[in-house]
Amino acid sequence: MSGQKTAWVTGASSGLGLHTALALRDDGWRVIAGARSFEDGEADGMTRLKLDVTDEKSVARFCEKAAGIAMPDALVQCAGMLVLGSCEETSVEEFRRVIDTNYLGMVRMNRAVLPLMRERGGGKIVLFSSINGLLGIPFQGAYTASKHAIEGYAECLQLEVKPFGIQVMLVEPGDHRSGSDRYRPHAAAMKPDSPYAAEYESGTGVIRRDEQNGSDPDALGRKIARTLDRKVIPFRKRIASPDQHLAVYVHRLLPAGVNAAILRRYYIRRRKGSSPRSE
Ligand SMILES: NC(=O)c1ccc[n+]([C@@H]2O[C@H](COP(=O)([O-])OP(=O)(O)OC[C@H]3O[C@@H](n4cnc5c(N)ncnc54)[C@H](OP(=O)(O)O)[C@@H]3O)[C@@H](O)[C@H]2O)c1
């Protein structure tokens with residue numbers, strides 16, 4: 001089909017990446033989808049290519065193969081993971097893995113794709129951040145740090161690439177019922193005798209419940225596909241429930257101490273008799 005636009009989508013084997021890839025395909029885009037679990041080939045009306053965003057060689061191979069098929073009008077970066085654990089007990093290696101996947105994975109992909117977009121005179125780069133890119137919640141320290149890094153990085157990136165006709169969009173999803181537990185391992189040290197055990201159980205229970213009751217991932221995919229059809233795309237696209245929009249708004253307005261009290265009250269529901277060591 002002549003005039004067909006092409007999107008390269010990372011993290012497209014599961015969750016929001018998969019839903020976004022499918023929505024783009026349904027909207028008429030040629031989709032070249034990357035993930036570690038893919039074998040190279042065609043499936044579901046998309047081209048699949050193996051991709052590990054933590055591996056420079058894999059990124060180079062993906063980009064070379066994808067460029068041989070069709071240059072990117074859009075690069076949509078959804079590859080991500082989180083490790084659940086207290087900041088104290090999440091190991092440096094676990095922090096490194098999350099940052100390497102969520103943040104440095106985007107850096108690697110952008111470094112490979114920006115020259116292609118500059119040469120073609122433009123393109124759109126979509127970076128999946130999160131509400132956690134704007135505020136922190138307990139037991140997601142590594143993930144929250146990676147998403148805050150993406151937010152800061154994207155602000156710099158958009159200023160630099162504008163003269164080349166390249167636009168950047170941060171997608172900030174709230175909870176969506178899409179993510180797989182496979183990408184949410186518990187830190188190895190989070191054992192029942194952890195000093196954080198009671199609060200950890202409560203906090204991760206709320207996190208899991210909110211995701212299971214979260215928004216519709218298909219709708220998010222369709223929103224992104226519709227937005228990418230526009231000539232000019234917004235720098236920030238928050239796709240979240242009204243209460244999560246409110247949480248971000250309140251976080252900006254209220255003093256830090258009040259915010260912390262609200263967030264603790266929401267996430268930490270201790271059962272009577274559990275150990276309140278910190279208070
Ligand atoms: N679900 C939510 O509620 C929510 C909320 C806010 C933000 N987000 C963000 O949305 C994005 C998708 O999350 P999700 O929860 O919907 O999906 P998910 O089910 O957690 O899927 C993660 C995806 O990332 C890929 N991936 C992981 N490590 C990779 C690597 N090293 N190289 C390439 N691909 C890799 C996985 O594929 P392979 O294992 O096949 O590589 C998979 O396709 C993430 O950036 C996440 O932070 C999600």
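Q: How many residues surround the ligand, and which are the closest?
A: The ligand is surrounded by 31 residues, the closest being Gly11, Gly15, Arg36, Gly80 and Gly179. A residue counts as near a molecule or strand if its C-beta atom, placed from the backbone, lies within 6 Å of it.

Q: Before going on, what kind of model is this?
A: This is a predicted model, where local features need pLDDT of at least 70 and side-chain atom pairs count only at pLDDT 80 or more, while totals for chains, interfaces and linings use all residues. Residues are numbered from 1 along each chain as its sequence is written.

Q: What is the shell made of by class?
A: The shell around the ligand has 11 nonpolar, 16 polar and 4 charged residues. Ala, Val, Leu, Ile, Met, Phe, Trp, Tyr, Cys and Pro count as nonpolar, Asp, Glu, Lys and Arg as charged, and the others, Gly among them, as polar.

Q: Now the sheet. What is the strand order?
A: The order is 3-4-2-1-5-6-7-8, in an open sheet of 8 strands with mixed pairing. Two strands pair if DSSP finds at least two bridges between them.

Q: Which strands stand at the edges?
A: Strand 3 (41-43) and strand 8 (236-239) do; each has a single partner strand, so one side of each lacks a neighbour in the sheet. From one strand to the next, the twist averages 20 degrees.

Q: How many bridges join strand 6 to strand 7?
A: There are 6 bridges between strand 6 (residues 123-128) and strand 7 (residues 166-173), and the two run parallel. Val126, for example, has Met169 in strand 7 as its bridge partner.

Q: And what does helix 1 touch on the sheet?
A: Helix 1 (residues 15-26) packs against strand 1 (6-10), strand 2 (30-35), strand 4 (46-50), strand 5 (74-77), strand 6 and strand 7, and its direction makes about 170 degrees with that of strand 1. Axes are lines fitted to C-alpha atoms, for helices over the stretch in contact, and angles run from 0 to 180 degrees between N-to-C directions. Contact between two residues requires C-beta atoms, placed from the backbone, within 7 Å.

Q: How does helix 1 sit against helix 6?
A: The axes of helix 1 and helix 6 (residues 217-228) come within 8 Å and cross at roughly 50 degrees. The two helices are therefore oblique to each other. Angles under 35 degrees count as roughly parallel, over 145 as roughly antiparallel, 65 to 115 as roughly perpendicular and the rest as oblique.

Q: Which residues make that contact?
A: Helix 1 uses Gly15, Leu16, His19, Thr20, Leu22, Ala23 and Leu24, and helix 6 uses Pro217, Asp218, Leu220, Gly221, Arg222, Ile224 and Ala225. By class, that contact has 8 nonpolar, 4 polar and 2 charged residues.

Conventions: Helices (H or I, at least four residues) and strands (E, at least two) are DSSP runs, numbered from the N terminus.
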